[in-house]
Amino acid sequence: MQIRRMLFRTWLPTLALLALFGVAQAQPNAAPEMTPIEFAEATQVYFDRCAGCHGALRGGATGPDLFPARLAEKGTPYLQAIMFGGLPGGMPGWGAQGVMSMEEIEVMARFLLNEPPAPAQISLDQILDTWVVHVAPEDRPSEPQHDLDWEDFFGVILRDMGQVAIVDGASKGLVSLVDTGYAIHILRSSATGRYFTSIGRDGKASLIDLWMNPPQVVAEVKPCYDARSIESSKFTGFEDQYAIVGCYWPALAVVLDGHTLEPLKMIGTAGYERGAGAYVEEARVAAIVASHFHPEWIVNVKEAGQTWFVDYSRLSEPGQPLPVTMVDTDLYLHDGGWAGHRYFVVAANQLHKLIVIDALERTVAAEVEAGTIPHPGRGANWVHPEFGPVWATGNLGSMEMTVIGADPEGHPEHAWEAVARIDVPYTGNLFLKTHPASPWVIYDFVMSPSPVGAASLCAVDKVTLTAETCWEVPGATDVHARMVHIEFNRDGSEFWVSAWGRMDTPSFIVVYDAVTLEEVNRIEGDWVRTPTGKFNAYNTAHDVY
Ligand code: DHE
């Protein structure tokens, strides 16, 4: 009941807009006309803003399909209203957020009622054309060239600036600003932590060497047109040796040399749904993690509903196989993280469930019902006095943080079932995080349609399993910012949260004491524009979350 009231409240602006745009009068029509320039520009906007959730081919995934046949019945006014105001399940209000003008929204609505254009494929030669080594491995330092504590550096994504800021965890000072891909999505650390790898929405991967003074991009390559994931090889004996990029388009994973980013292998992911169903041309690669048990990556293929174990151990031997073990999991795999070091938990977000993958046995250990649209980021791990080791996810579409038992050996009676469903005050969560040194799990509401919700955080008590305190971050709404993504420093004494504002307005990163929850610092400056994900070098290399 409470959720329904909440949804009604947050839907109100969109409902009003539906009336304003005259949805009641909308009639199915033939495809509206577009000039070639409008069509080309709309194709790019679709790729940059919409394809992530609705698919490059518009077949749907996190969001519904956007085929003209279905949308024609709704009409352009309806589409304009949704694009302006958003929807509570996570559809952003592009107009309300100032990202798209009314003119752009009108063009996009017409575009969606036209048949989708076929996006291009990519060849190894095309990828090689984009490959640049700025500093060859032999010219890189053999030890750090500065005396800063590089393992406590934070890589901060400045999303719309196409930059990554390297910030010193101790002083909070800016160490360097490096140029990367467009709308940079995530960073991952190499096994030693020396390198950050970044991946942009435009598919560009960059390798950032933290030992250089200042840290800089030493190699880059663009293996796809659209991507979200990247990971390094972490198994003993293969540390830092390889990297892998997971593409959204084309349907592909590309293995790279870990020191130069030279493309080595292309692994097509188009195939049959769960190995025996419909042919899926757009089988996108979602989360990837490096196994601790075998020399392989765990690669989640979203629309195929499969998790692939990609063995990199024989890549250096010419003519030797690249074994891929495919396990049927479920559709629309998205993000996930380790529960302990053996089990990888991935969200099948449109089915509202979590799939637990046993990295040792390469099997599905369990499935757990989560809230509406679980979105763990990497999740949160801690040891509860009654339930033992637990792991938690947030949910984008419901006001619930879900905690599951994660210790089948020590606490089999609670393993892989929800041990707590904690009430939180808003929908719109994307990330939660903790550290062994903190008594709290910190929780955001970045996609909340309410500006106050989106500017708020909650601290959940790891013992009582309640959202003990929630607060609106002062100053966030003044810079049109939503609070997003939490990261702890190496010793877990502080956590950082980004105020994700607009490109034209500097915002800030707020630093809190991880025990008292007092604000202890605010990282500001002209360079702090559109900060999103932050990654502590040590915690990311060692999977501390
Ligand atoms: Fe992400 C992780 C996909 C929107 C910030 N995001 C991930 C992962 C995937 C993914 C598959 C897991 C990568 C891994 O672990 O290997 N994200 C998508 C989308 O498809 C989606 C929904 C829509 C889109 O068009 O991209 C989307 N993501 C967003 C955002 O709007 C965020 C907030 C800001 C942005 O970059 O656009 C955002 N996603 C992040 C971050 C992580 C992430 C910061 C890594 C979390 C971590 O702690 O590791």
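These legends walk you through several close-up views of one predicted protein model.

This is a predicted model, in which local features need a pLDDT of at least 70 and side-chain atom pairs count only at pLDDT 80 or more, while totals for chains, interfaces and linings use all residues. Residues are numbered from 1 along each chain as its sequence is written, and side-chain values use heavy atoms, with hydrogens and water left out.

**View 1. Confidence along the chain.**
Let us begin with pLDDT, the predictor's confidence in each residue, from 0 to 100. The chain has an average pLDDT of 93, and 95% of its residues score at least 70. Helices (H or I, at least four residues) and strands (E, at least two) are DSSP runs, numbered from the N terminus. Over residues 1-28, pLDDT stays under 50. For this stretch the model has 37 contacts beyond four places in sequence, where contact means heavy atoms within 4.5 Å.

The chain is divided into domain 1 (2-112) and domain 2 (124-150 + 178-328), with bounds that come from an automatic or database domain assignment. Taken over C-alpha atoms, the centres of domain 1 and domain 2 are separated by 33 Å. Where the two domains touch, 13 residues of domain 1 are in contact with 12 residues of domain 2.

In helix α4 (residues 75-85), the buried residues are G75, P77, L79, Q80, A81, I82 and M83. Just after α4 comes G86, with a positive phi of about 80°. Helix α5 (residues 102-112) has its own buried residues: I105, V107, M108, A109, R110, F111 and L112. Which helices do the buried residues of α5 pack against? They pack against α2 (36-54), α3 (68-71) and α4.

L124, L128 and M266 make a nonpolar surface patch of about 200 Å². Patches are made of residues with over 30% relative accessible area and no salt bridge; like charges are joined within 9 Å, and nonpolar side chains (Val, Leu, Ile, Met, Phe, Trp, Tyr) within 5 Å. Accessible areas come from the Shrake-Rupley method with a 1.4 Å probe, and for residues, only the protein chains shown count as cover. L124 is found in helix α6 (residues 124-129) and is partly exposed, with a relative accessible area of 35%.

**View 2. Salt bridges.**
Side chains of opposite charge can pair when their charged atoms come close. A salt bridge is a side-chain nitrogen of Lys or Arg within 4 Å of a carboxyl oxygen of Asp or Glu, and by this rule the count comes to 23. One of them joins the side chains of E220 and K204 (3.8 Å, N to O). E220 lies in strand β8 (residues 216-221) and K204 in the loop between β6 (195-200) and β7 (205-209), so this pair ties together parts 16 residues apart in sequence. E220 is buried, at 14% relative accessible area.

**View 3. A salt-bridge network.**
A network of salt bridges links R274, D330, K353 and E367. Within it, the side chains of R274 and D330 meet at 3.9 Å, N to O. This pair links distant parts of the chain, 56 residues apart: R274 is in the loop between β13 (271-272) and β14 (279-280), and D330 in the loop between β18 (324-328) and β19 (333-339).

**View 4. Two buried strand residues.**
L252 is found in strand β11 (residues 252-257) and counts as buried, at 7% relative accessibility. Not counting residues up to four places away in sequence, L252 touches several residues, including I122, P223, M266 and V285. S498 is found in strand β32 (residues 494-500) and is buried, with a relative accessible area of 0%. Leaving aside neighbours within four places in sequence, the contacts of S498 include R482, H485, F508 and K534.

Definitions and conventions: Buried means under 20% relative accessible area, exposed over 50%, partly exposed in between (1.4 Å probe, protein chains only).
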